[in-house]
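Subject: Structure for you to look at

Dear colleague,

I am passing on the structure we spoke about, with the sequence alongside.

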Amino acid sequence: MFVSKKEIDVRYAETDQMGVVYHANYLVWMEVGRTQLIKDLGFSYAAMEEEGVLSPVIDVHIQYKKPLKYGDTAVIHTWIEEYNGLKVVYGYEIYTPSGELAIQSTSQHVCVRKETFKPISIKKAFPDWHKAYEEAMKKE
């Protein structure tokens, strides 16, 4: 299984009144991790969009374990949890600077045509991505 890693410096604007990262910001960081994973595998989400294909989130689960605070550096680990040629489930773990697990999460996506929002087969439309995802995917 291939795991991509990306560091994020926690900015003051990302924290709430309690001084910890506001929960919705983790969704943004998950997207940063997903984009990095795609880049690490040799592809570009922006190039996919230029071809008229989008990849919306259809499900997301997050378990909050430890808080991150302003000034911390979060480390995002991202991988392909499941993939079947049509749907992709990305797995994420975000760690505190001391290496403690801050969140554990997944997001599920499909690819759709921008003009119709009808799902497409990644396997057929992007065979190189399909091959890379199958090779990088978490094995049982």
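Below is what was found in it, starting with the whole chain and moving on to single residues.

This is a predicted model, in which local features need pLDDT of at least 70 and side-chain atom pairs count only at pLDDT 80 or more, while totals for chains, interfaces and linings use all residues. Residues are numbered from 1 along each chain as its sequence is written, and side-chain values use heavy atoms, with hydrogens and water left out.

The chain has 4 helices and 7 strands (DSSP runs numbered from the N terminus, with H or I over at least four residues for helices and E over at least two for strands), and along the sequence they follow the pattern β-α-α-β-β-β-β-β-β-α-α. Its radius of gyration is 16 Å, close to the 14 Å that the globule rule gives for 140 residues, so the chain is as compact as a globular protein of that length; the radius is taken over C-alpha atoms, and the rule is 2.2 Å times the number of residues to the power 0.38. Of the 140 residues, 41% count as buried, where buried means under 20% relative accessible area, exposed over 50%, and partly exposed in between, with a 1.4 Å probe and protein chains only.

The largest nonpolar core holds 32 residues, of which Trp29, Leu68, Ile80, Tyr90, Ile94, Trp129 and Tyr133 touch the most other members; such a core is a set of buried Ala, Val, Leu, Ile, Met, Phe, Trp, Tyr and Cys residues joined through side-chain atoms within 4.5 Å. Two or more residues each come from helix 1 (25–40), strand 4 (73–83), strand 5 (87–95), strand 6 and helix 4, and the largest share, 5 residues, comes from helix 1. Leaving aside neighbours within four places in sequence, isoleucine 80 is in contact (heavy atoms within 4.5 Å) with Leu37, Leu41, Val88, Val89, Tyr90, Tyr133, Ala136, Met137 and Lys138.

Alanine 132, in helix 4 (residues 127–136), is buried, with a relative accessible area of 12%. Valine 57, by contrast, is found in strand 3 (residues 57–64) and is partly exposed, with a relative accessible area of 45%. Phenylalanine 117 lies in the loop between strand 6 (101–113) and strand 7 (119–120), and its phi is near 60°, a positive value in a residue other than glycine.

With best wishes
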